[in-house]
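Hi,

Here is the structure I promised to pass on. My notes follow below it.

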There are 2 protein chains.
Amino acid sequence: MSFPHWLGSSLALSVFSLSLFAQQPTIPQEQKETAIKLMDSALKSKLGFNIVESLTTEVGPRLGGSEAEARARDWGLKLGNELGFDKVSIEEFTMPFWDRGHLDVVLNTPYKQELSATALGGAAPSEREIKAPIVYFRNIHALAEAKDGVLKGKIAFVDGDMMVKSQTGAGYGQANQRRRVGWQHAQRAGAKALMVRSVGSSSHRFPHTGMMSQHDNNWAEIPVVAISNPDADQLRRLHNLGESLTVSLHSDSKWKGEVSSGNVILDLIGSEKPEEIVLIGGHLDSWDLGTGAVDDGAGIGITVAAAALISKLPKRPKRTIRVVMFGAEEVGLLGAFAYAKQHEGNLHNHVIATESDFGAQTIWQLVSDVNDDATVLIDEIGKIISPLGIVRGGSDVAGGGPDIIPMQQKGVPTIRLNQNGRDYFDLHHTPDDTLDKIEPDELAQNIAAYAATIYLIADSDVDLKQ
Amino acid sequence: MSFPHWLGSSLALSVFSLSLFAQQPTIPQEQKETAIKLMDSALKSKLGFNIVESLTTEVGPRLGGSEAEARARDWGLKLGNELGFDKVSIEEFTMPFWDRGHLDVVLNTPYKQELSATALGGAAPSEREIKAPIVYFRNIHALAEAKDGVLKGKIAFVDGDMMVKSQTGAGYGQANQRRRVGWQHAQRAGAKALMVRSVGSSSHRFPHTGMMSQHDNNWAEIPVVAISNPDADQLRRLHNLGESLTVSLHSDSKWKGEVSSGNVILDLIGSEKPEEIVLIGGHLDSWDLGTGAVDDGAGIGITVAAAALISKLPKRPKRTIRVVMFGAEEVGLLGAFAYAKQHEGNLHNHVIATESDFGAQTIWQLVSDVNDDATVLIDEIGKIISPLGIVRGGSDVAGGGPDIIPMQQKGVPTIRLNQNGRDYFDLHHTPDDTLDKIEPDELAQNIAAYAATIYLIADSDVDLKQ
């Protein structure tokens with residue numbers, strides 16, 4: 001582990017601020033100095049990591065709609081009160097609950113080997129054990145060409161390629177097609193079940209779960225599971241050797257009716273324009289295989305800690321800073337849609353919204369989607385946070401994170417502090433998403449960037465709307 | 001991946017040989033040149049990797065005593081014939097069979113979380129599900145101090161520390177005590193079951209299996225399981241928070257009576273002293289969680305490929321080269337003891353024995369345990385293989401690998417080509433031991449070292465006995 005360059009002395013940051021920005025008019029010098037102090041405090045603070053440790057240890061895995069997610073809301077409420085937020089509340093909503101249940105997938109022919117597998121979100125149960133031959137498809141395109149009914153009595157296996165690691169996560173959306181819509185083709189072609197190669201960049205033997213997409217408002221009527229990359233490699237090699245493969249699959253994952261979920265809202269009430277809201281957050285739910293440390297305990301830790309540091313300033317910023325711990329993100333952005341609906345009449349007062357939901361590695365880029373005048377403000381913030389190793393990216397990049405989409409679609413301006421996602425898809429949605437994967441110093445860099453950025457927007461008079 | 005320095009041109013190796021060793025009398029120049037050509041061929045050959053790929057793909061996991069291990073023997077026989085060995089045979093033996101069966105371990109209090117766990121070899125079944133409170137022990141020493149009967153109605157959990165990575169694997173033996181003998185203390189103290197922190201250096205969520213030790217010729221009468229390092233971290237954190245922990249554990253692992261196993265023997269018959277045997281090998285069985293690529297498909301691939309390259313020489317070396325694919329190593333060196341017993345009357349003719357069973361990373365050191373005159377030969381071999389990045393280590397280091405122990409105890413001289421084991425305990429005995437973890441170039445370096453070393457000993461007249 002090399003010593004991060006942004007862990008310099010506070011003096012260096014202060015000197016930087018005094019010399020380089022002396023001519024810039026938009027952000028007053030006093031605010032710049034405050035932002036620099038916030039970054040300095042954040043880099044020295046363990047608060048963010050402690051929050052993730054507490055959430056993942058005391059609550060554990062917390063599937064959207066589960067009793068564990070309800071415990072997470074209580075945890076969030078308690079945390080908000082302990083940290084001295086001005087207003088702490090839960091906004092409930094209802095949602096359909098999908099339960100993973102138990103799954104066994106065993107290769108039976110040419111020999112018996114337990115496969116590392118997990119059900120995909122929304123999958124139907126097998127009722128009883130299915131024993132069937134595998135039909136191999138090299139990728140989703142090959143499966144899409146399967147004619148209606150040709151897979152009757154068979155289990156389809158859709159291979160693919162291991163996701164290439166990238167800083168931006170490019171490639172995930174494309175690879176994710178087999179997880180999202182593979183079932184529609186397999187079901188149409190008559191398959192008893194579908195197995196897909198996990199979407200992820202890890203060569204470890206972990207399956208990657210995630211939600212499927214609906215088709216005409218319907219969920220899959222067949223079991224759909226993902227198997228790990230090494231297991232998919234093994235099936236591919238056996239297939240290429242000309243072996244006939246059969247598999248036993250037993251799954252009792254299923255939909256279990258309506259349940260309650262909710263968003264936890266922590267507010268620091270603005271001192272001059274309390275009605276104007278600067279919204280940050282992460283999602284409180286996680287997939288149930290790991291403890292949701294990088295997805296998205298980290299986002300909760302980063303945004304709550306950033307706001308908590310701002311709350312220690314002698315005076316509240318002008319605008320309200322709101323941290324939303326979104327519920328039920330993984331299972332369809334349900335908390336995000338509930339928030340946008342419940343606050344529909346007040347979205348015009350949301351001056352900016354952004355979410356941290358891409359792991360716990362360092363932030364490398366600041367992008368925005370605000371009006372031209374406000375872009376000047378964001379540019380200037382970019383300069384202030386640049387000593388953290390962050391470059392200024394596009395000023396017309398819409399979307400502040402998954403849970404921001406419903407708000408952004410209704411005109412709320414967004415920024416995003418893009419994290420290095422290189423290792424994210426090694427862990428994301430797998431059983432390996434646990435606390436030990438987070439490097440506290442990298443998390444602290446995130447908090448420094450959020451604290452400075454959010455403070456400067458909240459203490460500004462600039463209107464950011466397009 | 002950096003370009004390995006030993007992947008130089010064959011010319012460089014040849015020049016080296018001609019200049020540096022011109023004054024050395026023990027190994028004739030012609031043999032040196034042959035050894036160098038063997039190394040050169042090995043570095044260019046894919047045979048070793050292809051063998052591991054074939055074994056792990058076509059046979060898969062192969063627990064000692066299982067039908068899969070019997071298929072592995074057939075595979076070994078076929079391979080030996082295809083590669084043109086002079087004599088190919090199976091030497092059977094009987095052994096008690098332990099079957100892993102199915103295991104579920106779920107944390108119930110303070111919340112429900114499935115733990116990543118596996119049974120340890122030799123463990124008893126739970127009969128029905130055990131639900132019990134956990135008693136936490138910081139390490140094996142703390143458990144050893146538990147008084148008789150104090151764990152009645154409880155499940156003991158022995159924590160420890162994650163194994164530190166090292167080139168030599170130092171630390172494994174010590175960490176392994178909790179796996180080996182932990183059960184004796186837990187059982188004596190009345191525990192219903194024992195959970196131990198996995199022995200391994202991986203922070204991934206894989207449990208590490210392995211055999212327990214007997215006590216007074218008895219196996220454990222309680223279920224004993226290992227949980228992954230991240231799961232152990234989680235239990236430790238919860239314990240440190242003062243939480244009461246309860247666990248449900250259901251295991252049907254058990255002993256299932258006597259079965260057949262065997263060693264596969266591939267011989268290249270010596271051209272002048274066929275009765276003198278240079279023995280190399282690896283073990284054919286694997287643990288059943290992964291496909292046994294690094295443990296010990298690699299050892300099979302390395303030693304078979306090395307001998308196969310020697311078999312392509314115009315003339316057989318003077319002594320017989322024997323590759324033994326040992327059976328049932330993981331479950332107690334059973335093939336090794338069977339071999340030493342079945343060949344008891346002929347062990348004096350085994351001029352040297354060595355095994356490859358420490359993964360697939362590069363060899364860095366050559367050690368030996370032979371007589372003083374023979375040490376000169378080994379020193380000289382050390383110089384010949386040094387361009388592979390191998391240094392000469394101790395000349396009084398007894399033991400040529402796990403399966404060599406029974407022979408070495410009866411006086412068979414040994415050498416060992418020590419591999420870099422830094423990443424070995426990330427994979428060893430876990431579900432993550434799969435083909436993708438092997439770097440073909442590193443495997444080829446092993447084969448080069450084995451081919452040269454074994455050829456030079458087999459074509460020598462030097463007696464190596466102490």
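**The sheet in chain A**

In chain A, strand β7 (residues 193-197) runs parallel to strand β8 (residues 224-227), and the two pair over four bridges. Helices (H or I, at least four residues) and strands (E, at least two) are DSSP runs, numbered from the N terminus, and strands pair if DSSP finds at least two bridges between them. Across from Ile227(A) in β8(A) stands Arg197(A).

A word on the source: this is a predicted model, in which local features need pLDDT of at least 70 and side-chain atom pairs count only at pLDDT 80 or more, while totals for chains, interfaces and linings use all residues. Residues are numbered from 1 along each chain as its sequence is written, with chains lettered from A and ligands numbered from 1 in the order in which they are written.

Both strands belong to an open, mixed sheet of eight strands in chain A, ordered β3-β2-β9-β5-β6-β7-β8-β4. Its edges are β3 (113-114) and β4 (117-119) of chain A, each pairing on one side only.

**The two chains**

A rotation of 180 degrees, with 0.0 Å of shift along its axis, superposes chain B on chain A at an RMSD of 0.0 Å (least squares on the C-alpha atoms of residues with pLDDT of at least 70 in both). That is the relation of a two-fold axis. In chain B, the residue closest to the rotation axis is His204(B), at 4.2 Å (C-alpha).

Best wishes
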